[in-house]
Amino acid sequence: AVEYLVWISNNSTGQSPVVKVSVTSTSLMPSQPLGIGSYTVWVRAIGPGNQMGAWSVPLKFQITTRAVLNSLQKYVPTTQPTFSWASLPGAVKYDLWVNNRLTDEAQVIRETSLTGTSFTPTTPLPLGLYYAWIRASDAAGTNAAWSVPIVFYITAAPKLNGPLSPTVNVRPTFAWTSVPGAVVY
């Protein structure tokens, strides 16, 4: 053989080929990332004068690269933090999972069909210690590996509402907004 023809198909999307290239060596690293998904690769030898050999037995493989969940600051001063992550080649949706470690409540957030790269919960998170993970799914619905967890505390402060103006009352009433999860102030 003087060169080899490499053909790679994406079984998750049905795209064939995603890579079709001739090389003179007996290995190949694609020039572009393949992305998460299921693939099949075939190789055939090409001899002098373009004489084609038979295709190899197909080799199926899976790429399950984990998504990367961006860190939040350790002490989050809001009850509705924005979670964000890097786009992962081959991903068509993401699954965000958040647990409250102080109460041992699993899936206080579980969003399984996020198509963007960020999410802000509409329901406030109570004060607490949280762990969060993200994973991606390919076009066939196959899940990749979970991210490394991020750890953070919700530490939102109450907002003072009163007194709002000067007063002659030597015993004014102080008022503030409640914070989800607070038991005393």
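The radius of gyration used here is taken over C-alpha atoms, and the globule rule is 2.2 Å times the number of residues to the power 0.38. By that rule a compact globule of 185 residues would come out near 16 Å, but the protein chain has 27 Å. Its C-alpha atoms fill a box of roughly 100 × 30 × 20 Å along the principal axes.

This is a predicted model: local features need pLDDT of at least 70, side-chain atom pairs count only at pLDDT 80 or more, and totals for chains, interfaces and linings use all residues. Residues are numbered from 1 along each chain as its sequence is written, and side-chain values use heavy atoms, with hydrogens and water left out.

The protein chain has 14 strands and zero helices, where helices (H or I, at least four residues) and strands (E, at least two) are DSSP runs numbered from the N terminus. Of the 185 residues, 30% count as buried; buried means under 20% relative accessible area, exposed over 50%, and partly exposed in between (1.4 Å probe, protein chains only). A contact means heavy atoms within 4.5 Å. Among contacts between residues at least 6 apart in sequence, 55% join residues at least 24 apart.

Five strands form an open sheet with mixed pairing, in the order E6-E12-E11-E8-E9; two strands pair if DSSP finds at least two bridges between them. Strand E6 (75–76) and strand E9 (105–114) each have a single partner strand, so one side of each is left without a neighbour in the sheet. Further in, strand E11 (residues 128–137) and strand E12 (residues 150–154) run antiparallel and are joined by five bridges. Ala132 stands opposite Ile150 in E12.

Strand E11 also holds Arg135. This residue is buried, with a relative accessible area of 16%.

Some backbone angles deserve a look. Most residues other than glycine have a negative phi, and most peptide bonds are trans. Ser16 and Pro17 are joined by a cis peptide bond with omega about -5 degrees, and Pro17 is in the loop between strand E1 (3–10) and strand E2 (19–23). The bond from Gly162 to Pro163 is cis, with omega near 5 degrees. Phi is positive at Asn50, near 65 degrees, in the loop between strand E3 (37–46) and strand E4 (52–55). Asn50 is exposed, at 55% relative accessible area. Gln107 has a positive phi near 55 degrees, but lies in strand E9 and is partly exposed, at 36%.
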